[in-house]
Amino acid sequence: MSDATPALEFKGVNTHYGPVHVLKDVDLVIYPGELVCLLGGNASGKTTTLKTILGMAMPSSGEVLLDGSVITGHSTTDIVSRGISMVPENRRLFTRMTVKENLEIGAYLRDPDDDLEPEYEHIFDMFPRIKERLGQKAGTLSGGEQQMVAVGRALMAKPKVLLMDEPSMGLAPLLVQQNFDIIKQINEEGVTVFVVEQNANMALSIADRGYVLQTGQIVLSGTADSLLANEDLRRAYLGEVE
Amino acid sequence: MTATDSQAPVRRPATDVDRRQVVKWGLMAALIFSFIAAINMPVVLDRKVIVEGVLTLGMVSLLWVPIVFGYLAAKEDVLEGMEPPQKGARDLIAGLVAGAIGGTGFALFLILINTVDVRDIFINLGPQLVEALTFGRGAPAGALLWIVVGAVLGIIGGGLHVGSKNVRAAFVWALLLPLILANMQVIVEDIFQSLSLEWVFDFLYATRGGLTVAGAVIFAAIGALAGYRSGGTGVTRVRQHYASLEGAKLRRWNIISAIIILALIVVLPMLVGGLANEILATVGLFLLMALGLNVVVGFAGMLDLGYVAFFAVGAYTTAVLTAPTSPTIQPMLTLNFLTPEGWLVMGAVILVSVAAGLVVGTPVIRMRGDYLAIVTLGFGEIVRITIGSIATQPLFGGANGIRQIPSSELGPIVLKGTNSQTIFYVVAIFAGIAIYVSWRLLHSRIGRAWAALREDESVADSMGVNTVNMKLLAFVIGAILAGFAGMIFSVKVGSVFPQSFALLVSIIILVIVIVGGMGSIVGVMVGAAVLIGVLGGPTQPGLLAEVAEYKLLLYGAILVFMMLKRPEGLWPSVRRQRELHQEEFLQDAWLKQQAGGDEAENEDDQLAQQAERDKGEDEQKIRILEPEE
């Protein structure tokens with residue numbers, strides 16, 4: 001697997017917010033078709049990592065590579081159009097627009113002549129509920145449905161790489177489980193998925209590999225199984241006390 | 001559907017009046033009464049006759065108060081699960097008491113200003129005002145009459161609740177239609193004259209202004225009939241019908257309404273005379289600007305308070321390029337819309353407007369909300385001060401402005417500023433283009449991007465929307481439309497001065513957009529027609545030329561009222577209406593079920609019931625799926 005060109009790669013990335021050093025020499029590799037998670041507590045730099053990928057935060061040094069070509073310094077529009085889409089933290093739907101309009105925005109950067117029907121079909125297969133609610137204001141949906149729309153919106157762009165920011169946040173346990181099942185399913189359909197998550201147990205249960213971020217540094221990495229077995233990680237993130 | 005059937009509803013007795021509410025609205029009525037009197041409105045507006053020998057606008061400015069506040073005092077919220085309070089005596093009592101309280105307060109006010117001399121500060125508050133407002137009977141006796149007037153009109157106001165919706169609408173329109181038509185005398189007169197129907201006009205309207213008694217009765221009857229038939233929901237029903245149309249039907253509707261509007265635009269200026277055409281031209285000019293601002297504020301969600309700057313830029317560009325009195329640069333081009341020379345002028349207006357749009361847009365693009373508003377406000381003032389300053393005098397003529405801007409031409413037709421009719425046609429053409437452009441933009445990818453931007457800028461960004469370009473685009477389109485308005489304005493007026501581009505212009509255009517309905521193209525048209533047509537622009541007269549000195553007060557009052565009661569505007573985009581009134585929607589649905597079972601009479605009901613069902617499902621689902629949320 002390591003011979004293939006990584007779908008996404010961080011090479012010694014440093015990112016600052018003003019003078020504050022947020023990401024410190026981060027190296028990450030995600031191969032095509034993988035489901036990789038980035039674990040970390042509050043303020044460890046998880047969201048900044050995603051912003052750096054999307055070009056919404058500029059690295060002060062280092063490079064981000066997509067399919068082997070450098071995307072550092074490119075505009076968000078350009079990066080998104082190369083096949084990355086994101087499900088933002090807390091879903092962040094356009095609450096006053098209808099579900100349909102939300103989905104349409106997801107396909108914003110696609111060729112206007114593209115036939116979007118396959119994507120709609122795909123999303124309706126995955127979330128039959130969305131179909132019933134197309135004309136409804138997104139803000140009137142329940143949390144679980146909003147999550148479905150947020151995922152649907154990201155899929156409308158037909159992404160090669162899907163970024164998920166804290167998919168478990170603000171959802172009931174039952175819905176978190178459903179949500180992760182969906183993520184797994186999307187990954188199995190061939191989309192490379194990068195999940196940023198605090199809920200280490202849940203994320204590692206579906207991921208192939210994982211990285212652990214602590215105050216902006218990668219402190220641990222490995223296969224999901226090895227991480228689940230790691231004593232330090234268990235202590236720090238899985239709430240186990242000796 | 002609602003789980004209220006099992007509970008015993010609480011029936012309130014027919015005479016149970018909500019005392020707090022009645023006293024509150026009564027005192028409010030007293031306050032408004034006194035305020036209107038204190039600003040001398042009844043005296044100033046007395047010139048405008050509504051019904052010959054019976055009613056003037058001055059009286060109307062006071063008499064509406066007890067009716068409206070009597071209505072409000074008797075208004076009772078219908079609560080879900082509770083039996084609606086019985087109609088009848090309690091409404092009349094509430095109206096009567098509130099009206100009487102208002103009248104009493106006003107009487108005390110009149111007696112007070114009759115005894116205490118406060119004319120040093122409040123020039124109007126003197127014996128003359130008291131004399132005018134006491135039915136010629138002097139202070140104590142005449143003032144006390146207001147208690148009776150207040151009570152009687154209060155009963156009418158409260159009584160509006162008693163009848164059915166149709167009766168209420170009939171009553172309201174019987175009062176409103178004569179009032180509206182009396183104020184539209186200028187237009188009606190010209191139309192009847194053009195149609196050689198002077199004798200009808202002479203029958204309906206008095207020679208010295210206002211309706212004749214017969215005319216008032218006829219119009220009141222027509223108003224009552226129309227009100228009764230429509231139940232006061234005619235416009236709403238038309239709008240909902242329109243919103244429900246799809247495909248070929250929608251296209252047919254669009255075409256038919258476009259033809260009607262087009263015919264009106266072509267024919268109306270020919271039927272009406274100079275003054276009415278002047279008003280039409282002003283409406284068109286402000287409509288053009290409001291359409292531009294609608295793109296910035298309504299579509300892209302950026303509050304621009306310095307919009308007048310682009311208007312000034314367009315006007316001065318035209319002035320410099322065409323006027324012989326332009327101080328330094330004097331190309332003296334002719335603005336003929338059909339020759340290359342005219343295109344050069346228009347091109348220059350576009351170019352300079354775009355440049356101005358980019359100059360303002362670029363630095364403020366990273367700002368949001370309040371900050372954006374303040375910076376644009378400052379920019380508007382900077383432009384006004386710059387063109388009036390001594391430093392730029394060699395270019396723009398300083399405070400003296402640029403005069404003798406020549407007429408423009410459309411092929412062989414000369415468009416003179418003194419002939420408002422031709423100006424109106426030009427404005428109409430530009431406004432038509434603006435409407436088409438904004439309509440196409442709204443329903444394009446760009447429109448969708450703007451909507452996303454307005455909702456959540458950072459998520460729009462992460463979806464790949466190029467937020468910087470989209471914002472600049474909105475700014476630039478707005479600037480171009482205002483630039484065109486400025487171009488026509490300079491030709492129409494024949495001269496440009498820095499004072500013509502005051503902050504007030506920006507504010508009034510913004511009020512048009514807000515009152516009409518942000519983001520709604522039809523709304524902006526309605527807003528411009530109602531506000532500019534009736535009240536007039538910052539310096540231009542409207543139909544109600546008499547209210548000139550109260551124009552800003554009325555603008556403010558309308559804005560406050562709309563923000564409180566109808567924040568989505570007069571003619572909102574369907575989406576915004578949904579946003580802002582979902583609860584009322586649901587309540588209406590519930591009330592209708594109470595009233596008449598499940599028969600849905602029109603789309604209104606069906607829509608509301610659908611919304612209710614959706615809500616019910618939502619609640620259920622939330623209970624099942626998310627016990628912890």
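Ala43(A) sits in the loop that links β3 (35–39) and α1 (46–54) of chain A; helices here are DSSP runs of H or I with at least four residues, strands are E runs of at least two, and both are numbered from the N terminus. The model is predicted, so local features need pLDDT of at least 70 and side-chain atom pairs count only at pLDDT 80 or more, while totals for chains, interfaces and linings use all residues. Residues are numbered from 1 along each chain as its sequence is written, and chains are lettered from A and ligands numbered from 1 in the order in which they are written.

Two loop residues deserve a look at their backbone. Phi of Ala43(A) is near 60°, a positive value in a residue other than glycine. Thr215(A), in the loop between β9 (209–214) and β10 (217–223) of chain A, also has a positive phi, near 40°. For burial, C-beta atoms are placed from the backbone, and a residue is buried if 20 or more other C-beta atoms lie within 10 Å of its own, exposed if 12 or fewer, and partly exposed in between.

| Residue | Phi | Other C-beta atoms within 10 Å | Class |
|---|---|---|---|
| Ala43(A) | near 60° | 11 | exposed |
| Thr215(A) | near 40° | 14 | partly exposed |

Next comes β3(A), at the other end of the Ala43(A) loop from α1(A). Five of its five residues are buried. Leu35(A), Cys37(A) and Leu39(A) point to one side and Val36(A) and Leu38(A) to the other, so both faces of the strand are covered under the 10 Å count. β3(A) pairs in the parallel sense with β8 (residues 192–197) of chain A over five bridges, where two strands pair if DSSP finds at least two bridges between them. In that pairing, Leu38(A) stands opposite Val196(A). β3(A) also runs parallel to β9(A), with four bridges joining them, and there Val36(A) stands opposite Arg209(A).

Chain A also holds an open sheet of four strands, ordered β2-β1-β4-β5 with antiparallel pairing. Its edge strands, β2 (20–30) and β5 (69–70), each pair on one side only. β4 (residues 59–66) and β5(A) are antiparallel and joined by two bridges, with Leu66(A) and Ser69(A) as bridge partners. Helix α1(A) lies across β1 (8–17), β2 and β4 of chain A, and runs at about 70° to β2(A). Such axes are lines fitted to C-alpha atoms, for helices over the stretch in contact, with angles from 0 to 180 degrees between N-to-C directions.

Between the chains, 27 residues of chain A are in contact with 24 residues of chain B, contact meaning that C-beta atoms, placed from the backbone, lie within 7 Å. On the chain A side, α2 (76–81), α3 (99–106) and α6 (143–155) each supply at least two residues. That side divides into 13 nonpolar, nine polar and five charged residues; Ala, Val, Leu, Ile, Met, Phe, Trp, Tyr, Cys and Pro count as nonpolar, Asp, Glu, Lys and Arg as charged, and the others, Gly among them, as polar.

Finally, how do two helices of chain B meet? The axes of α22 (residues 503–516) and α24 (residues 551–565) of chain B come within 10 Å and cross at roughly 35°. Ile508(B), Val511(B), Ile514(B) and Val515(B) of α22(B) make the contact with Tyr555(B), Ile558(B), Leu559(B) and Met562(B) of α24(B). By class, that contact has eight nonpolar, no polar and no charged residues.

Conventions:
Contact = placed C-beta atoms within 7 Å.
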